[in-house]
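Keep the picture in view and try each exercise before you look at its solution.

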Amino acid sequence: MNKVVVQIKRFFSRLIVIFQRLFSILETPLRKIFGHKLAIPLLVLTAVIVQNIISTPNFFDISIKNGLLSGYIPSIMDEAGELLIITLGMTLVIAVSGGVDLSVGPIMAIAASFCGLLLNGSEYRTDVFQNPYILALFIGLLAGVLCGAFNGIMVSYLKIQPMIATLILFTAGRSIAKLITHGQTIYIMNPVYKYLGVQIPGVPIRTTILISLLFVILVTLLVKLTSLGLYVQSVGINGSAARLVGLNSNAVKFMAFVICGLLAGVAGLVGSSGVGSVNSGELGMSIEMDAILAVALGGNSLSGGKFSIAGSVIGAYTIQAITTTLYAMNVRPDQLNVFKALIIVVIIVASSEIFKERIKRLIRRILSSIPKSSKKTTVVGGCSDEN
Amino acid sequence: MRKLLRSISIMCVLALLVMAAACTEKPAETTAPAVATTTAKAADTTPAPADELIVVGFAQCKADESDWRMANTKSMQETLSEANGYKLILADSNNDAAKQVADVQGFIDQEVDYIVIAAVNMDGWDTVLTNAKNAGIPVILMDRTINASADLYTCWVGSDFKAEGVKATDWISTRFTSDKEVNIVNLQGQLGASAQIGRSEALVEAIDKNSNWKLLAHQTGEWSTDTAKEIMTSWIQQHGDKIHVVYAENDNMADGAIQALEEAGMKVGGDDGVAIISFDANRAYLQMTLEGKINCNVECNPLHGPKVAEIIQTIEAGGSPAKVEVVEEAAFYYDTITQAIVDARSY
């Protein structure tokens with residue numbers, strides 16, 4: 001009987017030794033991984049996906065239905081498309097100004113309304129393009145750029161706080177869009193219109209996925225290959241200092257808002273194409289809040305300065321993954337928002353510096369308390385203390 | 001470079017100013033008639049030759065909120081016209097509850113003959129309605145209900161949302177006559193909206209009554225095409241071909257569901273596709289009903305003007321209208337609707 005107890009004790013002490021050796025080997029890489037900015041957002045996204053494996057067994061099934069990749073993963077990527085494009089612009093705006101662009105949703109509506117008006121003319125529902133498709137897309141994007149430029153001028157040259165400056169278009173934008181469309185929903189029945197938001201014939205991947213990834217690459221290249229990224233960061237960290245070293249910080253801010261407006265225009269066209277109609281009261285509704293959240297979830301500071309496009313991308317996908325997960329789990333409609341809020345609170349708390357520090361201290365305390373129980377492990381324990 | 005930036009920025013400001021100018025034009029248009037009629041009213045109370053006209057104060061929540069609301073406003077303006085013996089004073093509160101209460105108080109001070117209210121808020125009506133009652137002005141509530149004692153207003157005019165739902169469930173029972181299982185998914189409206197409550201309630205009761213009907217899933221699409229499409233896509237992945245009926249509580253959500261189904265390569269509407277049920281029956285969706293994509297589209301009638309006029313005439317003749325006056329609402333079916341019906345639709 002005694003022998004068994006001794007054996008069990010020996011077994012456990014060996015287990016602890018193995019565990020500690022493993023930890024001392026892995027500690028540096030682990031610290032590197034968890035110290036990385038993207039650790040928490042990635043961890044959360046992984047957690048959401050693991051949860052899905054448990055609750056929805058067919059979550060990872062991908063099949064081709066009607067010539068389109070379908071399944072939960074493609075639909076998350078598809079539905080996150082608009083948000084992702086908006087988030088890219090929002091990241092730049094937040095980084096450069098420490099403020100947010102509230103007007104992205106209304107800009108989407110304005111851009112799509114111009115496009116819809118040109119395509120349909122005075123008809124509210126038709127399948128004949130009244131103007132060339134490319135021209136309509138171009139005018140829609142131009143409207144987005146103009147709105148972004150308006151925000152940019154207010155913020156950079158008139159020194160109005162970004163939240164206040166963009167509040168103007170946030171309030172007036174949808175009315176402007178309604179004026180363009182004469183207050184009615186425009187239905188564009190020509191199948192070509194759905195190329196942008198659904199599918200180009202013969203391509204099995206939804207266009208929204210392709211376009212959003214294309215813009216992720218474009219913006220990443222713009223930030224990495226040109227000095228724009230560096231400029232945005234320096235102006236965001238300290239605008240006056242950046243000006244003193246010779247940067248035109250006004251122009252940099254202006255550029256960021258113009259890019260944000262352009263991207264909002266793209267999202268507007270993609271979004272309205274996805275449903276084949278322009279409904280200015282509905283398109284991009286409250287997307288600005290999701291975009292700000294995505295930037296924050298991506299580990300970016302909302303007070304400006306350093307930023308990570310990759311983080312924002314993960315943030316946007318996480319938000320959509322949460323929504324799709326809750327739909328897949330058939331959460332009751334009246335509880336949906338409560339669940340969403342709970343998950344987001346957990347993520348925000350988990351990624352706060354104070355919480356991370358507490359957890360680190362807790363792990364260290366647990367590890368340092370174990371070695372005292374057995375003589376053999378003290379050496380290893382001492383080793384990890386040195387680190 | 002700087003010059004270029006400057007000229008670009010000046011152009012942008014100009015362009016936006018033009019947009020803003022265009023934007024301010026419209027409210028000016030809508031307020032103009034209200035102001036005009038108010039002054040006309042002030043003028044004609046003193047000499048009193050136009051005393052024959054029945055003066056109606058109409059407190060609308062937001063005249064251009066949606067296609068439905070626009071049709072609703074227009075119906076009131078057209079029915080209660082001077083040619084028909086009325087003088088309508090329209091006060092658009094732009095969804096500002098406090099302004100609306102002030103508007104109604106203004107009607108009482110102007111001594112109008114009748115007050116019609118499409119309430120922004122359910123609460124906060126006691127004081128002003130008591131004032132109206134003391135002044136002897138009948139108050140007709142339109143479309144939206146309020147939390148106030150029933151003796152403070154004359155009657156309520158609007159849609160019976162549950163009756164709308166019953167029309168839809170009746171159609172389901174004519175379509176699925178056998179004992180085979182009928183799987184239904186329900187795209188609900190904004191939770192708590194009276195239209196959502198009534199329409200969902202009718203469906204739940206019908207499912208209780210028919211043992212072979214089954215509610216596979218329900219979720220709120222918040223009246224939006226985009227959200228409805230997203231939810232429907234998720235349901236298709238879960239249930240696939242098992243879905244027999246989509247019960248979408250408004251036109252926009254039906255549109256989203258149809259697109260999701262079509263993109264998944266499923267047949268929609270008609271005699272053998274997934275049956276689509278929609279509510280509101282706006283023009284674009286009556287067209288879709290005609291095309292066979294929507295099987296059953298139950299109207300939500302915004303044309304309250306004639307009913308309000310009827311009630312006013314009842315009171316004028318010394319009668320008392322019923323406390324709840326329901327507007328007539330039809331249902332349109334894919335196999336019986338005609339192009340003429342679609343063309344006749346104004347909203």
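The exercises below go from whole chains to single residues.

This is a predicted model, in which local features need pLDDT of at least 70 and side-chain atom pairs count only at pLDDT 80 or more, while totals for chains, interfaces and linings use all residues. Residues are numbered from 1 along each chain as its sequence is written, chains are lettered from A and ligands numbered from 1 in the order in which they are written, and side-chain values use heavy atoms, with hydrogens and water left out.

**Exercise 1. Describe each chain.**

Step 1: Look at the secondary structure, where helices (H or I, at least four residues) and strands (E, at least two) are DSSP runs numbered from the N terminus. Chain A comes to 16 helices and five strands, and chain B has eleven helices and twelve strands.

Step 2: Look at burial, where buried means under 20% relative accessible area, exposed over 50%, and partly exposed in between (1.4 Å probe, protein chains only). Of the 387 residues in chain A, 49% are buried; for the 347 residues of chain B the share is 54%.

Step 3: Chain A exposes about 18,600 Å², with 69% supplied by carbon and sulfur atoms. Chain B exposes about 15,000 Å², with 54% from carbon and sulfur atoms.

**Exercise 2. Work out how the two chains meet.**

Step 1: Count the residues in contact (heavy atoms within 4.5 Å). Chain B gives 48 residues and chain A gives 50 residues.

Step 2: Find the buried area, which is the accessible area (1.4 Å probe) that two parts lose on being put together, summed over both. The chains bury about 3,900 Å² between them, 55% of it on carbon and sulfur atoms.

Step 3: Check for salt bridges (a side-chain nitrogen of Lys or Arg within 4 Å of a carboxyl oxygen of Asp or Glu). There are three between chain B and chain A. B:Glu263 and A:Arg206 form a salt bridge, with their closest N and O atoms 3.0 Å apart.

**Exercise 3. Explore the nonpolar cores.**

Step 1: Recall that a nonpolar core is a set of buried Ala, Val, Leu, Ile, Met, Phe, Trp, Tyr and Cys residues joined through side-chain atoms within 4.5 Å. The largest one has 122 residues, and B:Leu187, B:Met232, B:Val246 and B:Leu261 have the most contacts inside it.

Step 2: Follow B:Leu261. Beyond four places in sequence, its contacts include B:Met232, B:Val246 and B:Ile276. A second, separate core has 23 residues, among them B:Ala91 and B:Ile137.

**Exercise 4. Which residues make the nonpolar surface patch of about 570 Å²?**

Step 1: Patches take residues with over 30% relative accessible area and no salt bridge, joining like charges within 9 Å and nonpolar side chains (Val, Leu, Ile, Met, Phe, Trp, Tyr) within 5 Å. This one is made by A:Val345, A:Val349, A:Phe355, A:Ile359, A:Leu362, A:Ile363 and A:Ile366.

Step 2: Helix α15 of chain A gives the largest share, five residues. A:Ile359 is in that helix and counts as partly exposed because its relative accessibility is 36%.

**Exercise 5. Where is A:Asp61, and what does A:Asp61 touch?**

Step 1: A:Asp61 lies in the loop between α2 (39-55) and β1 (63-65) of chain A.

Step 2: Setting aside residues up to four places away in sequence, A:Asp61 touches A:Ser70, A:Gly71 and A:Tyr72. The C-alpha atoms of A:Asp61 and A:Gly71 are 5.8 Å apart, although ten residues separate them along the chain.

Note on methods
Accessible areas come from the Shrake-Rupley method with a 1.4 Å probe; for residues, only the protein chains shown count as cover.
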